[in-house]
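Subject: Handing over the structure

Hi,

Here is the structure I promised to pass on. Have a look at it first, and then read my notes below.

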Amino acid sequence: MSQKKPFYITTPIYYPSDKLHIGHSYTTVACDALARFKRMQGREVLLLTGTDEHGQKIQDKAASKGVTPKEYVDEIVEGKGGVKDLWKLMNISYDRFIRTTDEYHVKACQRIFETLYNKGDIYKSVYKGHYCKPCETFWTESQLKEGCCPDCGGAVYEAEEEAYFFKTSKYADRLLALYEENPQFIQPESRKNEMISFIKQGLQDTCVSRTTVPWGIPVPFDPKHTMYVWVDALSNYITALGYENDAYNDYDTFWPADIHMVGKEILRFHTILWPAMLMAMEQPLPHRVFGHGWLLLDGGKMSKSKGNVVDPLILCQRYSVDAIRYFLLREIPFGNDGNFSNEALINRINSDLANDLGNLLSRTVAMVEKYFGGSLTNQYAGGAFDAELEEVLGAMPGRVTACMDDLLIPQALQEIFKSIQRANKYIDETAPWALAKDEANRERLAGVLYHLCESLRLAACMLTPFLPETAKKMAQQLGLAEEEITFEQLSFGARSQYTVHKGEALFPRIDAAKELEELVAAQAAMKQQAAPAPEAKPAETTGAPLEHLPEIAFDDFCKVEMRVAKVLGCETIPESKKLLKLTLFDGERERTIMSGIAKWYKPEDLIGRHVGIVANLAARPMLKGKYISEGMVMAADLPDGGASVMFFPQEVAPGSAIH
């Protein structure tokens, strides 16, 4: 075992989505690169990832599919194309995978909850306030933004139920002191300032149980309650090491964690609730929590509900896993939001991987084969430009290490590619093809090509954590065994001779215009393939006759004003089981519409959503004049007699005309 301090890094545990996209890979690929880098430094590493499988969202999705919640998450995590398949595809070298439905985790969480209760840090009360179902988060009135969830912008609804609370407010001063005394605890710096501001506004106690969501871990001493998802989810970082269970036994080895890597939308729970819980349990705190940004597409976070997902399978099949890993690690400014586009991906592959790295390898190997029959020994030192190249190569490992220590992953790759670009410039400076014309220059030619081989060897060593398969291919063409591309051999001149073997191009150059067309077509084909097939009808069957209204002239149709409106509020009314009372903003003013959709929609399904309305329908009194309806919500009939409201994406502004 290494004498160096063990290194423990965690990814967020992911909500099991039935449509995984490239954004899911972003954080985990970064954590994998960090873990591989630390292993190559000789550290004992534990990389933890997993899935967060309890809560209302899972319960609702399973019900909609007619399966149990456990059946639903089992398929998404373990099934074909699921979370574990995605991590295998992306070459994630995780050491441990935790599911919050794992029996050992469930029992450990119950012990943790009971410990906090016995210490007086958990108490029973009643929750009354606003709840966001997608974020599984409770909000106070002051925290809402325009009446909606401040994190996702979605609808919230009024909730009132008996619940247990954790005394987060008790730890406000200790948390502020933690941030002051440990400047590295929250990164980036801007995120720390957000958390300080949040606490100083008045830290509220945290709801940690539900009575209305049975899909969760039962509170051991009050089984009608289930643990609220965040206590369950956050505890995974220590239960996965054996805390309060006997499934594992390396808590003392790896805790406290070196880095919790999380998305910025869940940073508050990891830097306020989680350390407060650990303080209450009298356990050490993690060293650092890094809140990274989002991978954006067309300016918005990738989301299945928005329909803007990018399938990682297509990208990896077309360009290789390492090309996608490189794009995610190099293109995205770590800690900030980054944009994904097909154009940016192709440009990055062509410029860095094909032109710089691939070209350097193929040219070098070809010249060694052409001029020296594939075998080369360093026979010359001290030529022009050699010292400058050697200086760049010598400085590269230290600079990369400094970047990785500061979690500057794109900059670490920049440092590696500076050496690659310098080696390409060295070819132009020394012109080996010109040296080859005169036998008197043979030793100098050997020295030049040796410098290029050493440049590639050192690049392969340093690229291994980021592009593991590419580094192996480079080693093969340079005649190196895999164990020779290690951090132990990072000095220039550590290898004195080479026997090269020409192979396929690492990254063939892409015809951007042609490829963009084909990629769009491939993505569309996969979406169509994934869509459920329509039920087949017998050839002789025709649709049932529809009831038609009399034809109208186009000018008459133009008199109907259809617009997009935002649902600001929605409520049931005691006088009718059929009607919902909606308060909407139509881009100009607020209006009330009574809609007969209460049988199929609850108020929380509609609040915050953008819907289609008939805006110029004359106002009419309803329920004996007690209510006035100023328009109509647009909806379609379903085959089962239900109704489907016409929803629009959040990007479609209230007041937009529907044509």
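Let me start with the sheet. Strand β1 (residues 7–14) and strand β2 (residues 45–51) run parallel and are joined by six bridges. Strands and helices here are DSSP runs numbered from the N terminus, with at least two residues (E) for a strand and at least four (H or I) for a helix. Two strands pair if DSSP finds at least two bridges between them. One spot to look at is Tyr14, which stands opposite Thr51 in β2.

Before I go further, some housekeeping. This is a predicted model, in which local features need pLDDT of at least 70 and side-chain atom pairs count only at pLDDT 80 or more, while totals for chains, interfaces and linings use all residues. Residues are numbered from 1 along each chain as its sequence is written, and side-chain values use heavy atoms, with hydrogens and water left out.

Back to the sheet. β2 is also joined to β3, by four bridges, and these two run parallel. Gly50 stands opposite Ile98 in β3. On β3, Arg96 and Ile98 point one way while Phe97 and Arg99 point the other way, and all are buried (buried means under 20% relative accessible area, exposed over 50% and partly exposed in between, with a 1.4 Å probe and protein chains only).

On to β11. Two bridges join it to β1, and the two strands run parallel; Ile9 has Ile259 as its bridge partner in β11. Four bridges join β11 to strand β12 (residues 289–292), again parallel, and His260 stands opposite Val289 in β12. Five of the five residues of β11 (residues 259–263) are buried, so this strand is largely enclosed by the rest of the structure. Ile259, Met261 and Gly263 point one way from β11, with His260 and Val262 pointing the other way.

Put together, this is an open sheet of six strands in the order β3-β2-β1-β11-β12-β7, with parallel pairing. Its edge strands are β3 (96–99) and β7 (186–187), each of which pairs on one side only.

Next, the aromatic rings. A search of the whole structure turns up 25 aromatic pairs. Rings of Phe, Tyr and Trp (its six-membered ring) pair if their centres lie within 6.5 Å; planes under 30 degrees apart count as stacked, over 60 as edge-to-face and the rest as tilted. Phe166 and Tyr171 are a stacked pair because their ring centres are 6.0 Å apart and their planes are at 0°. Phe166 is buried at a relative accessible area of 1%, and Tyr171 is buried at 4%. Elsewhere, ring pairs link Tyr8, Tyr237, Tyr243, Tyr251, Phe254, Trp255 and Trp274 into a cluster.

Some rings have a charge over them (NZ of Lys or CZ of Arg within 6 Å of the ring centre and within 35 degrees of the ring normal). The charged end of Arg609 sits over the ring of Phe647, 3.9 Å from its centre. The charged end of Arg495 sits over the ring of Tyr498, at 5.5 Å from the centre.

What about Phe327? This residue lies in helix α13 (residues 321–331) and is buried, with a relative accessible area of 1%. Leaving aside neighbours within four places in sequence, Phe327 is in contact (heavy atoms within 4.5 Å) with Ile332, Asn339, Phe340, Ala344, Leu345 and Arg348.

Cys461 is buried, with a relative accessible area of 0%.

Finally, confidence. pLDDT is the predictor's confidence in each residue, from 0 to 100. The chain averages 88, and 92% of the residues score at least 70. Over residues 304–308 pLDDT stays under 50, and the model has 12 contacts beyond four places in sequence for them. Over residues 532–542 pLDDT also stays under 50, with zero such contacts. Where pLDDT is low, the predicted coordinates should not be read in detail.

Cheers
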